[in-house]
Amino acid sequence: MTQTFQTSADPVLYRATFMHTPRSPFADAEALHAEDDGGLLVAGGTILASGPWAEVRAQAPEAPVTDLRGGLLLPGFVDTHVHYPQVRVVGGLGMPLLDWLDRNALPEEARLADEGYARAVAREFLGALAMNGTTTALVFGAHYAGAMHAFFEEAATSGLRTVAGLVVGDRLLRPELHTTPERAYAEGRTLIERWHGRGRALYAVTPRFSLSASEGLLDACGALLREFEGVRFTSHINENVTEVEVVRGLFPEARDYLDTYERAGLVGRRSVLAHNVWPSDRELGAMAEHRCSAAHCPCSNSALGSGFFPLRRHLAAGVHVSLGSDVGGGTGFSLLKEGVQAYFMQQLMGADGVALTPAHLLYLATRAGAEALDLGDLTGDFSAGRQFDAVHLSPPPGTPLAAVYAHAEGPGRLLAATFASGTQGDVARVWVGGDEVYARG
Ligand SMILES: O=c1[nH]c(=O)c2nc[nH]c2[nH]1
Ligand SMILES: [Zn+2]
């Protein structure tokens with residue numbers, strides 16, 4: 001059954017310490033906007049006014065107030081790379097990518113042929129996103145159309161914003177995961193017609209990676225992308241050195257890994273490519289020209305030993321970067337953890353790394369993801385006109401983070417501590433479009 005959310009059309013007020021990054025801290029050092037005692041006026045799920053409490057309150061003196069003081073209100077997190085079928089295989093440590101796929105991920109993905117199994121996994125997956133404060137996700141789907149119908153049904157019930165699609169491959173996986181270009185096109189078309197643009201769902205054409213996709217299959221994906229307005233494209237790229245070598249051998253005509261997607265017409269403003277740990281300069285320049293995004297997945301890159309993400313080179317080339325948890329190659333759903341891991345890795349890169357501030361981490365976990373998905377007008381910050389997509393962090397009393405919250409000197413310290421030690425347990429409430437989609441306890 002699909003749940004319908006009854007968002008109040010009457011104005012409501014939220015009073016909280018809040019922070020957001022309407023602009024990129026990579027372009028503007030003053031991008032972090034913090035309100036120690038802030039107000040958000042929301043009606044019909046849309047933010048009408050945002051600023052100091054006294055000013056916002058004056059605009060709607062009669063509106064009921066939700067008092068969230070004592071915690072921290074942030075825009076809902078945007079996870080731009082996370083695999084729905086891999087919830088139950090998180091924590092397969094000690095293997096590089098291709099072994100990890102063969103031994104850990106793909107056997108589990110084959111189990112989603114059973115629609116009942118897939119539905120149970122979808123519920124676990126969506127619940128995990130919500131309880132971690134993720135309100136929008138670009139979801140790498142399953143290889144089975146039935147599992148994707150189940151996913152979209154469950155996503156509608158969850159209230160979360162999802163961009164997702166059937167994952168397709170026609171070689172070098174397990175035979176039961178293989179499709180054909182014709183079937184990929186037909187099943188993709190049916191899923192798009194049923195789900196794309198319905199409620200909070202959008203569709204993403206999703207070949208698993210060029211290693212497992214023939215040219216014909218990538219062309220079928222390109223046809224779907226051309227034929228249906230607003231459909232997104234996502235896949236993996238340049239994650240692991242062995243993978244890159246294999247792809248080079250499989251596509252002797254292609255200039256590089258990116259070109260395998262470019263030749264099929266898959267790369268544009270609404271394309272998100274996960275990882276990109278080992279890009280060439282040609283690929284970075286072309287990605288900037290296409291205005292596509294790289295989804296950086298620092299916990300996954302660490303767990304699978306894939307390498308250090310060259311953030312400095314992406315920024316220098318003008319490539320937009322967002323964050324992904326990459327569950328189950330990644331180690332969990334928290335974008336707070338991804339943020340601090342991104343920070344750690346850049347620190348460890350020495351002169352090649354970028355010194356990330358708390359504002360950068362917040363931007364990467366929120367606004368950058370919304371822009372990667374071309375949903376920046378809808379979500380990603382608390383500016384007037386955006387949807388009220390929010391996560392309220394309220395550390396349980398007696399925890400170290402609660403002590404920091406009670407005594408932090410200034411917004412930068414509060415935000416740094418939140419990324420450094422915040423977890424799923426600190427997420428108290430989560431809203432999407434003004435609808436509460438998660439409440440702790
Ligand atoms: O991190 C990853 N996880 C996956 O499931 C996958 N498939 C192809 N390439 C991949 N990389
Ligand atoms: Zn992935």
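Modeller: Around ligand 1 stand His83, Leu97, Leu101, Ala105, Arg208, Phe209, His236, Glu239, Ser300, Asp326 and Gly329. A residue counts here if its C-beta atom, placed from the backbone, lies within 6 Å of the molecule. This is a predicted model: local features need pLDDT of at least 70, side-chain atom pairs count only at pLDDT 80 or more, and totals for chains, interfaces and linings use all residues. Residues are numbered from 1 along each chain as its sequence is written, while chains are lettered from A and ligands numbered from 1 in the order in which they are written.

The shell divides into 4 nonpolar, 4 polar and 3 charged residues. Ala, Val, Leu, Ile, Met, Phe, Trp, Tyr, Cys and Pro count as nonpolar, Asp, Glu, Lys and Arg as charged, and the others, Gly among them, as polar. Helix H2 (residues 97-110) gives the most to this shell, with 3 residues. Helices (H or I, at least four residues) and strands (E, at least two) are DSSP runs, numbered from the N terminus.

Now the wider fold. An automatic or database assignment sets the domain bounds. Domain 1 is 12-75 + 381-439, and domain 2 is 77-372. Their C-alpha centres lie 28 Å apart. In contact are 29 residues of domain 1 and 25 residues of domain 2; contact means C-beta atoms, placed from the backbone, within 7 Å. Strand S1 (12-20), strand S5 (72-75), H16, strand S16 (427-432) and strand S17 (435-439) each supply at least two residues of the side of domain 1 that touches domain 2. H16 gives the most to that side, with 6 residues. By class, this side of domain 1 has 18 nonpolar, 8 polar and 3 charged residues.

H16 (residues 411-421) also pairs with helix H13 (residues 358-365). Their axes come within 9 Å and cross at roughly 55°. Axes are lines fitted to C-alpha atoms, for helices over the stretch in contact, and angles run from 0 to 180 degrees between N-to-C directions. H13 and H16 are therefore oblique to each other. Angles under 35 degrees count as roughly parallel, over 145 as roughly antiparallel, 65 to 115 as roughly perpendicular and the rest as oblique. From H13, Pro358, Leu361 and Leu362 meet Gly412, Leu415, Ala416 and Phe419 of H16. That contact has 6 nonpolar residues, 1 polar and no charged.

Conventions:
Contact = placed C-beta atoms within 7 Å.
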